[in-house]
Amino acid sequence: MNTIARFKHFGTETYHVFNRNKTSWIGLLLLTMLVLLAVLAPVIAPYDPVEQHIIQRLEPPSSQFLLGTDYYGRDVLSRIIWGCRVSFIIGSVSVAIAMFFGTILGSMAGYKGGYFDAFVMGVMDVLMSIPTLLMGLLIVAILGPSQANLIIALALTMIPRFARIARAPTIAAKSKVYVEACQAMGFSDMRILVVHIFPNIFGELMVMGSMWMATAVRTEAALSFIGLGVNPPTATLGGMIREGFKDIMSAPWASLYPGLVILLIVFAANLLGDGLRDALDPKLRNEK
Amino acid sequence: MKTSTKQPLLTVNRLTKHFHIKRGFPKSVSYTVKAVDDVSFHVNRKEAFGLAGESGCGKSTVGRCVLRLIEPDSGQVFLQNTDITGLNNQELRSIRKKMQIIFQDPYSSLNPRRTIGQTLEEPMRVHKLCENDNIRDIVIDLLENVGLSAGVIDKYPHEFSGGQRQRVGIARALLFNPELIVADEAVSALDVSIQMQILQLLQNLKEKLSLSYLFISHDLAVVRYFCQRVAIMYLGKFVELGSVSQIFDEPLHPYTLTLRNASPIPDPSIEQAFAQLKGEVPSPISPPQGCHFHPRCAKAKDICSREYPKWIELGKGRGVACHLYG
């Protein structure tokens, strides 16, 4: 009962600030729609995404194929819906992995300080110096193109971002008197970190999570576009743009619509991230 | 020292803590701040031992070293027979049940995201002090002990006044039934009227639970009211130590004298000549040669600027570090 009341208290406050900024609602709505689309792909998609209607190649949008067909006569709409699924899986799983390890590393480094801090953050800086796309290329070149390898590559480049985000508030919280009180109570470092410091960094992590999910989706699309993403014939948004590229003058729908969907996902995730940031930032909370 | 043969609860022996600061780039110069420099004292059972001095003189550092919230550089801290400076983390955790701390700032010493109940229940759960079912009852008992109603248990710190929060802080310190409480400026952040209430609460608890206090304060009036013995600190060193009546009625060290004269007497008919103290407290990074106090001292002699005075025991637990009595 106690816990529920606490969540309600925190929840309503967050909700009110989130509500103040209407654009964040647009982001949430869009993202929810796209996620639903991806989750319900097997139900909604009118055709099998890899089924080829060879006679109806490069058909313009019609009542039969709402967004037209591609070079192999596959339904663009169905492929987009299934492609969203791949994008969201890669985006969310890589962000989740990066958030998990990044938070642990960053908050440990901030809490312990000293040489441990210097070492961990040094490694993070090295990782951070490699651009996401390059790291993607590197990993895929070593391990071969596959969904799992792509996730590993994306997570690796995002870990240092989360480590940094987690470290700074940990250092700030460490100097709070209530943390000293916890030490005087004889609590273990682990308990102090998880129970007393982690709630302070949770908000920022959520914001970063939604922002970096957009980047992960974009990078996945970029890697698929240059042919280093998920193997064909699996439908991915980036791969679709690439496949439709050679006929872009005569049949622009095959590349254009998946591109638009990437734009929508990135746009929605960023709007949501901005809204969340305002809602969870205690400094912005009291401002009108 | 206090003419009793029984063993003191807390004995601090030549405690030293220096902080090292590096400044400057690319050539950094390192400074040493002697926050606590060769300090020895003891606290008897059921006694409130005061630690007084201006801000920055190291009195809080002493308190934190005693609890090992800060690692002392050298010296020993004995709680009864155990030297806590030699304990490993496990042993330290269990000895901390015997000594607790009340912090100065009641606003930042409570986690704003946790209710009073959560803050107080957590230590009992962690240390498995009792059956889970009883924890809430014990906490409610404790809250009533410190003058709060049982209804506050589900409230958040921001719903309370400073005095009420400090009561929660006291309740937290009492959770483990400690023998010693370090009160670090425990009433300094409160209104004068609330200060009195909290002091009385601490006094009552002391008698009821046979507590001992290491009472750190810059407020001489509070120390005089609350403590039995007191040490005056200046720039990391003790300058004088004795019973409250000795220190306040017949101060020996010129610094104690000026401190005493600087605190107002609540009687308008007494005309008070405020002894003006020359200058500021010197930087603890580079304290003056010889006696740290000599540049501001009215009775300074030649020797005062050359060497630091030795600690002189005057009997009856009285001690002073001043060349005037050497």
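## The interface between chain A and chain B

Buried area is the accessible area, found with a 1.4 Å probe, that two parts lose on being put together, summed over both. In this predicted model, chain A and chain B bury about 2200 Å² between them, with 55% of that area on carbon and sulfur atoms. Counted by contact, which means heavy atoms within 4.5 Å, 20 residues of chain A meet 25 residues of chain B.

The interface also holds 9 residue pairs in polar contact, both residues being at pLDDT 80 or more; a polar contact is a pair of N or O atoms within 3.5 Å, where within protein one must be able to donate a hydrogen and the other to accept it, and residues adjacent in sequence count only if both atoms are side-chain atoms. The elements that give two or more residues to the side of chain A that touches chain B are helix 1 (2–20), helix 8 and helix 9 of chain A, and helix 8 of chain A gives the most, with 6 residues. Helices (H or I, at least four residues) and strands (E, at least two) are DSSP runs, numbered from the N terminus. The residues on this side of chain A divide into 10 nonpolar, 7 polar and 3 charged, where Ala, Val, Leu, Ile, Met, Phe, Trp, Tyr, Cys and Pro count as nonpolar, Asp, Glu, Lys and Arg as charged, and the others, Gly among them, as polar.

## Helix 8 of chain A

Helix 8 of chain A, residues 177–184, is mostly covered, since 7 of its 8 residues are buried; buried means under 20% relative accessible area, exposed over 50%, and partly exposed in between (1.4 Å probe, protein chains only). The buried residues of this helix are Val177(A), Tyr178(A), Val179(A), Glu180(A), Ala181(A), Cys182(A) and Ala184(A). They pack against helix 7 (147–174) and helix 9 of chain A, together with helix 1 (59–66), strand 6 (99–102) and helix 5 (162–174) of chain B. After helix 8 of chain A comes Gly186(A), whose phi is positive, near 80°.

## Salt bridges between the chains

A salt bridge is a side-chain nitrogen of Lys or Arg within 4 Å of a carboxyl oxygen of Asp or Glu, and the structure holds 20 of them over all chains. Across the interface of chain A and chain B there are 2 salt bridges. In one salt bridge, Arg64(B) meets Glu180(A) at 2.5 Å, N to O.

Glu122(B) and Arg191(A) also form a salt bridge, at 2.4 Å, N to O. Glu122(B) lies in helix 3 (residues 116–126) of chain B and Arg191(A) in helix 9 (residues 189–225) of chain A, so this pair joins two chains. Glu122(B) is buried, at 6% relative accessibility, whereas Arg191(A) is partly exposed, at 28%.

## Salt bridges within chain B

In helix 3 of chain B, Arg125(B) and Glu121(B) are 4 residues apart, about one helical turn, and their side chains meet in a salt bridge of 2.9 Å, N to O. Arg125(B) is partly exposed, with a relative accessible area of 39%, while Glu121(B) is buried, with 9%. Salt bridges that share partners join Glu121(B), Arg125(B), Arg136(B) and Asp154(B) into one network.

Another salt bridge links Arg68(B) and Glu71(B), at 3.1 Å, N to O. Here Arg68(B) is buried, at 9% relative accessible area, and Glu71(B) is partly exposed, at 41% relative accessibility.

## Basis of the values

Residues are numbered from 1 along each chain as its sequence is written, and chains are lettered from A and ligands numbered from 1 in the order in which they are written. Local features need pLDDT of at least 70, side-chain atom pairs count only at pLDDT 80 or more, and totals for chains, interfaces and linings use all residues, while side-chain values use heavy atoms, with hydrogens and water left out.
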